[in-house]
Amino acid sequence: MVNSLQKFETFFERLMEGSVGRIFRTPIQPAEIGRRLERAMEGNQLATVDGIVVPNDYVVYLNPNDMVLFADIVPSLCGQMEDWLIDLAEERNYGFIDQVRVQMIGDEDVPTRRINVEANITELPDYDPVRQEAVQRTEVYRVVEHTGNVPPKLLLVAASGAAEQFFVLRRQSTSLGRALDNDIIIEVPEVSRHHARVDYVNDQFEIVDQESTNGTTVNGVRVKRSRVAEGDDILLGTVRVQLLPYRGEPRAHG
């Protein structure tokens with residue numbers, strides 16, 4: 001039998017499918033946020049004469065540079081997480097004292113790749129899902145502007161013998177390489193630990209080689225720094241990288 005977490009992960013894999021038909025990756029995956037919410041629910045229970053009551057009001061804090069990567073799905077993400085928490089509580093015979101609300105906030109004090117969750121048991125007498133969605137969209141706009149208002153692109157990464165992957169670019173600088181501290185990790189021997197960066201400068205995307213061993217080429221020419229456009233053939237050592245159009249909010253497919 002499929003449990004709630006598996007259903008949750010499957011839903012968000014579908015939600016994160018881009019127009020190119022592949023799942024694009026971000027440093028923080030929605031299922032990780034779900035697991036943190038579950039932990040917050042389990043860790044803040046209140047025993048009452050009517051049974052166990054768990055938090056109904058959750059705030060997820062992410063670094064703005066992490067949150068911006070899936071900015072287009074944040075309102076949908078919050079709504080689906082609310083539904084998932086309700087299902088989870090029902091499975092475990094927990095109760096809520098009021099509506100369940102999940103909010104997502106960009107906070108510079110949160111390190112990148114970190115997820116902080118606040119969970120409270122509280123009454124929400126003025127809760128209105130339509131108004132709450134508008135509040136959440138306002139927060140998304142703030143985060144997008146705060147992080148430089150970079151027009152999103154998809155980045156194809158194709159290594160020989162491995163499945164193609166697609167990453168959303170929405171930061172002013174995105175690092176690529178073998179080391180685990182890169183924004184995009186490419187586990188291929190011919191790729192240096194810190195191989196290259198994709199920067200957004202003066203309304204253009206640029207590829208910047210980080211003194212890699214096997215070099216970076218654009219359309220067959222080895223470069224240190226070069227502007228790149230959609231469709232340009234970029235090689236990091238032996239790994240092909242290409243900018244592709246991002247076609248707006250991804251949708252879940254039935």
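This short talk covers the salt bridges and one of the sheets in the structure shown above.

Please note that this is a predicted model, in which local features need pLDDT of at least 70, side-chain atom pairs count only at pLDDT 80 or more, and totals for chains, interfaces and linings use all residues. Residues are numbered from 1 along each chain as its sequence is written, and side-chain values use heavy atoms, with hydrogens and water left out.

I begin with the charged pairs. Side chains of opposite charge can pair when their charged atoms come close. A salt bridge is defined here as a side-chain nitrogen of Lys or Arg within 4 Å of a carboxyl oxygen of Asp or Glu. The structure holds 14 of them.

One of these joins Arg 171 to Asp 66, at 2.6 Å from N to O. This pair links distant parts of the chain, 105 residues apart: Arg 171 sits in the loop between strand 8 (165-169) and strand 9 (173-177), and Asp 66 belongs to helix 3 (residues 64-67). Helices (H or I, at least four residues) and strands (E, at least two) are DSSP runs, numbered from the N terminus. Are Arg 171 and Asp 66 buried or exposed? Both are buried, meaning under 20% relative accessible area, where exposed is over 50% and partly exposed lies in between (1.4 Å probe, protein chains only).

Glu 133 and Arg 137 form another salt bridge, at 3.0 Å from N to O. These two residues are separated by about one helical turn because they lie four residues apart in helix 5 (residues 129-146). Glu 133 is partly exposed at 37% relative accessibility, and Arg 137 is partly exposed at 30%.

Three strands form an open sheet of mixed pairing, in the order 5-4-6; two strands pair if DSSP finds at least two bridges between them. Strand 5 (101-106) and strand 6 (115-120) are the edge strands, each pairing on one side only. Strand 4 (residues 57-62) runs parallel to strand 5, with six bridges between the two. Within that pairing, Asp 57 has Arg 101 of strand 5 as its bridge partner.

Helix 2 (residues 30-43) packs on this sheet and touches strand 4, strand 5 and strand 6, where contact means heavy atoms within 4.5 Å. Helix 4 (residues 74-91) also packs on the sheet, touching strand 4 and strand 5.

Technical notes:
Axes are lines fitted to C-alpha atoms, for helices over the stretch in contact, and angles run from 0 to 180 degrees between N-to-C directions.
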